[in-house]
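Dear colleague,

Please find below the structure that I am handing over to you, together with its sequence. The notes that follow set out what was found in it, and I would ask you to read them with the model open.

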Amino acid sequence: MKNIVIFGAPGSGKGTQSDNLIKHYGLFHISTGDVLRDHIKRGTELGQTAKGYIDQGQLIPDDLMISILAQVLDDNRDAAQQGVIFDGFPRTIAQAQALEQLLADRGTAIDAVVGLEVPQDELIKRILLRGKMSGRADDNEETAGKRLEVYHKQTSPLKDYYEQQGKYHAIDGMGTIEEIFDRIREQLD
Ligand code: ATP
Ligand code: MG
């Protein structure tokens, strides 16, 4: 069993490479961004709250986000047994600590963190392209800039955090989808 965090800035390719990881390793995928967007689509109360933050390029508050993740883990207890790809979570040190505890309570732990490293100008290009193709509301120039700022302030310290635990694997996130996945496989195998 493997639990993997896929880590990186907005637009770094977390979702794309998660698809490869699911297929190759048979892991269960949890994308907190997808969970939140699904709530927004269904018009739930949580969705309304989340939309307020997402449209501003801000993070959902830790307490709320952690309880959402705990719920997803509990709702998918059997599927999660085979190992999970955490995509978009944790995004703060508090979330990382909470994840450690949640997994410890379930008799498991994070095995590896895959960090997709992509230069800033390429991130912006990818986000704006995705915005055009998918119409994703937060993939516009203004919100993207804000999200990258939030990433640098609140999320990027996790790289040090996981490096200190010896779990961080830096992956060059430039190139074709296949080239990048080959690099990930090399590290994980
Ligand atoms: P990708 O690498 O796939 O491009 P992304 O960073 O662009 O990812 P998502 O992971 O889908 O986007 O997240 C979209 C938004 O949802 C975030 O900007 C944030 O507002 C909210 N969000 C998602 N996960 C979390 C989290 N763990 N904590 C707080 N907010 C979150
Ligand atoms: Mg994503």
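**The largest pocket**

In this predicted model, the largest pocket is lined by 50 residues, and those nearest its centre are Gly11, Lys14, Arg130, Arg136 and Arg147. The space in the largest pocket amounts to about 1100 Å³. Sorted by class, its lining comprises 18 nonpolar, 19 polar and 13 charged residues.

Several elements contribute to this lining. At least two residues each come from strand E1, helix H1 (14-25), strand E2, helix H2 (32-42), helix H7 (120-134), helix H8 (141-155) and helix H10 (177-188). Which helix gives the most to the lining? It is H7, which supplies six residues.

**The sheet**

Five strands form an open sheet in the order E2-E3-E1-E4-E5, and their pairing is parallel. Strands E2 (28-31) and E5 (168-172) are the edge strands, each of them pairing on one side only. From one strand to the next, the twist averages 20°.

Strand E1 deserves a careful look. E1 is mostly covered, with five of its five residues buried. Ile4, Ile6 and Gly8 point one way from this strand, while Val5 and Phe7 point the other way. On one side of the pairing, three bridges connect E1 with E3 in the parallel sense, and Phe86 in E3 is the bridge partner of Val5. E1 is also joined to E4 by five bridges, again running parallel, and there Phe7 stands opposite Gly115 of E4.

Strand E4 (residues 112-117) is in turn joined to E5 by five bridges, and these two strands run parallel. Within that pairing, Val113 has Tyr168 of E5 as its bridge partner. Helix H9 (residues 157-164) packs on the sheet, where it touches strand E1 (4-8), E4 and E5. The direction of H9 makes about 125° with that of E5.

Ala170 is found in strand E5. Is Ala170 buried, partly exposed or exposed? Its relative accessibility is 44%, so Ala170 counts as partly exposed, the range for that class lying between 20% and 50%. Apart from neighbours within four places in sequence, Ala170 is in contact with Gly115 and Glu117. Ile184 lies 14 residues away from Ala170 along the chain, and the C-alpha atoms of the two are separated by 8.9 Å.

**Two helices in contact**

Two packed helices are described by the angle between their axes and the distance between those axes. For H8 and H9, the axes come within 6 Å and cross at roughly 35°. On the H8 side, the contact is made by His152, Lys153, Gln154 and Thr155, and on the H9 side by Pro157, Leu158 and Lys159. By class, the residues of this contact divide into two nonpolar, three polar and two charged.

**A cis peptide bond**

Finally, please examine the peptide bond from Phe89 to Pro90, which is cis, with omega near 0°. Most peptide bonds are trans. Pro90 is located in the loop between strand E3 (84-87) and helix H6 (93-105).

Yours sincerely

Note on methods
Residues are numbered from 1 along each chain as its sequence is written. Chains are lettered from A and ligands numbered from 1 in the order in which they are written. This is a predicted model: local features need pLDDT of at least 70, side-chain atom pairs count only at pLDDT 80 or more; totals for chains, interfaces and linings use all residues. Side-chain values use heavy atoms; hydrogens and water are left out. Two strands pair if DSSP finds at least two bridges between them. Helices (H or I, at least four residues) and strands (E, at least two) are DSSP runs, numbered from the N terminus. Axes are lines fitted to C-alpha atoms, for helices over the stretch in contact, and angles run from 0 to 180 degrees between N-to-C directions. Contact means heavy atoms within 4.5 Å. On a 1 Å grid over the protein atoms alone, a cavity is a set of points where a 1.4 Å probe fits but cannot get out, and a pocket is an open set with protein on both sides within 12 Å along at least five of seven lines; lining residues have an atom within 4 Å of a point. Grid points are joined across faces, edges and corners, and a volume is the space filled by probe spheres set on the points. Ala, Val, Leu, Ile, Met, Phe, Trp, Tyr, Cys and Pro count as nonpolar, Asp, Glu, Lys and Arg as charged, and the others, Gly among them, as polar. Buried means under 20% relative accessible area, exposed over 50%, partly exposed in between (1.4 Å probe, protein chains only).
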